[in-house]
Amino acid sequence: MEMDQDFPRTMGQQFGRRSWAEPWKIKMVEPLRIISRAEREAALKAAGYNTFLLRSEDVYIDLLTDSGTNAMSDRQWAALMMGDEAYAGSRSFYRLEATVQQTYGYRHVIPTHQGRGAEHLISRIAIQPGQYVPGNMYFTTTRLHQELAGGIFVDVIIDEAHDPLSQHPFKGNVDLDKLQMLINRVGARQIAYVSLAGTVNMAGGQPVSMANARALRELCDRYGIRIFLDATRLVENAFFIKEREPGYDSRTIAEIVREFCRYTDGAWMSAKKDSLVNIGGWLALNDDQLADEARNLVVVYEGLHTYGGMAGRDMEALAVGIEESLQEDYIRARIGQVRYLGELLLDWNIPIVVPIGGHAIFLDARRFYPHLAQDLFPAQTLAAELYLDSGVRAMERGIASAGRDPKTGQHHYPKLELTRLTIPRRVYTQAHMDVVAEAVKAVYDQREQARGLRMVYEPRYLRFFQARFEPISEQVR
């Protein structure tokens, strides 16, 4: 007997499968409130139509980022009380060091206050001015640190990564032919290292296959080129390898993570993502000399090499978070919640990046607002309109994030113009995802009314964090 379409359906029934539930229960709550439309209009205007400049108290559901916004477990909160706050030789550092070594397999571990601290260190010690840094699509802070060190970033990701409609299962893969062409053109000595990201944020949270990482290692070994990994969301990358790549379905997430890292020479991590903490990061290296240089520089820029800008309590919580991030039930539910939101939007024919990525849903602002030129900041416009409609805070990942060419001063015009709905880990319920989906649909239904924005203030570096905008009036369109 077929179910009446008007009959209430469970989450699983909506998509023809059994329902699943988050592998945790709620012990403490933080109240949310939604302010009126008029109050949201005033707040957005005061913020210069930049969602980064909104006050959190004016936000209903906060999907700005998954960085440091995750909910810690009871074990992590208990670990905070075990923190050794000694300035030098903290036992909490040695606990963290052993956990990183065991999980990721690198020899040396240098703690930093967060991921960009580690990006700064590796850029300073591994790049000579004028060298090239090929990578599988840029990330904002990573590329800036590379450029500030005198490096020249070159995108060597596969072409499918720039196509939001491509269903390639591993859109984060390095195009080995592009990399070979760069080596042939500039010479191996002019390449500082390959910058490899596990799950490519700017492409929509798209993963790298194990086969690609292995082939990249083989190519780089022929020329003596190092590979350094952005391991920020490597656990999510491992989930996609387990799900999509032949031969890995029976391997554990922990085993996949360890193998992936084996094809690289070191890694940096923003622990505020995969590792389920509110602050922290690290740089890990296999080379003794580079590690020695990094330990020396961390004292200058971060703190002593046994705390690196983190409190002992932070390192204790981070060690536990690394362990919890590898749990199969957890990562399955984490990806499942993101997919649930994405499937709702796809059901309504709302344009998003596919396949659905690991940490966020990326709305395709080009297709959302086909009438807006890219220099009218369609992705920034979409984030602003979503907040106005419902108090949901998203973020721009398009022309504003791409910044300017340091030589010409002209805008970078990325092929992808995206608005990111980033899902914090263990924070929101499926009901919150329903609210978000309906908010996106409401904005989509009014898409033809959007006029775009103009930038009226632009800071020198990483402009998307602090830039200010104003609406385009009908008269000047």
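The residues lining the second largest cavity split into seven nonpolar, five polar and two charged (Ala, Val, Leu, Ile, Met, Phe, Trp, Tyr, Cys and Pro count as nonpolar, Asp, Glu, Lys and Arg as charged, and the others, Gly among them, as polar). The model is a predicted one, in which local features need pLDDT of at least 70, side-chain atom pairs count only at pLDDT 80 or more, and totals for chains, interfaces and linings use all residues. Residue numbers start from 1 along each chain as its sequence is written, and side-chain values use heavy atoms, with hydrogens and water left out.

That second largest cavity has a volume of about 70 Å³. Its lining takes in 14 residues, and Met 137, Tyr 138, Phe 139, Thr 142 and Ser 195 are the ones nearest the centre. At least two lining residues come from each of H6 and strand S5 (194–197). Helices here are DSSP runs of H or I with at least four residues, strands are runs of E with at least two, and both are numbered from the N terminus. Grid points are joined across faces, edges and corners, and a volume is the space filled by probe spheres set on the points.

Searching the whole structure turns up two cavities of 30 Å³ or more.

Helix H6 (140–148) and strand S4 (152–155) each give at least two residues to the lining, with S4 providing the largest share, three residues. Sorted by class, the pocket lining holds 10 nonpolar, four polar and seven charged residues.

As for helix packing, H9 (residues 234–244) and H10 (residues 253–262) cross at about 105 degrees, with axes 9 Å apart. Axes are lines fitted to C-alpha atoms, for helices over the stretch in contact, and angles run from 0 to 180 degrees between N-to-C directions. H9 and H10 are therefore roughly perpendicular (65 to 115 degrees; under 35 is roughly parallel, over 145 roughly antiparallel and the rest oblique). The contact of H9 with H10 has 10 nonpolar residues, one polar and one charged.

Helices H2 (residues 37–46) and H15 (residues 378–390) pack at about 150 degrees, axes 8 Å apart, which makes H2 roughly antiparallel to H15. Their contact counts five nonpolar, one polar and four charged residues.

Finally, three strands form an open antiparallel sheet in the order S9-S12-S11. S9 (360–364) and S11 (395–397) sit at the edges with a single partner strand each, so one side of each has no neighbour in the sheet. Pairing requires at least two bridges found by DSSP; S9 and S12 (residues 418–422) have five.

Definitions and conventions. 1 Å grid on protein atoms, 1.4 Å probe; cavity = no way out; pocket = protein on both sides within 12 Å on 5 of 7 lines; lining within 4 Å.
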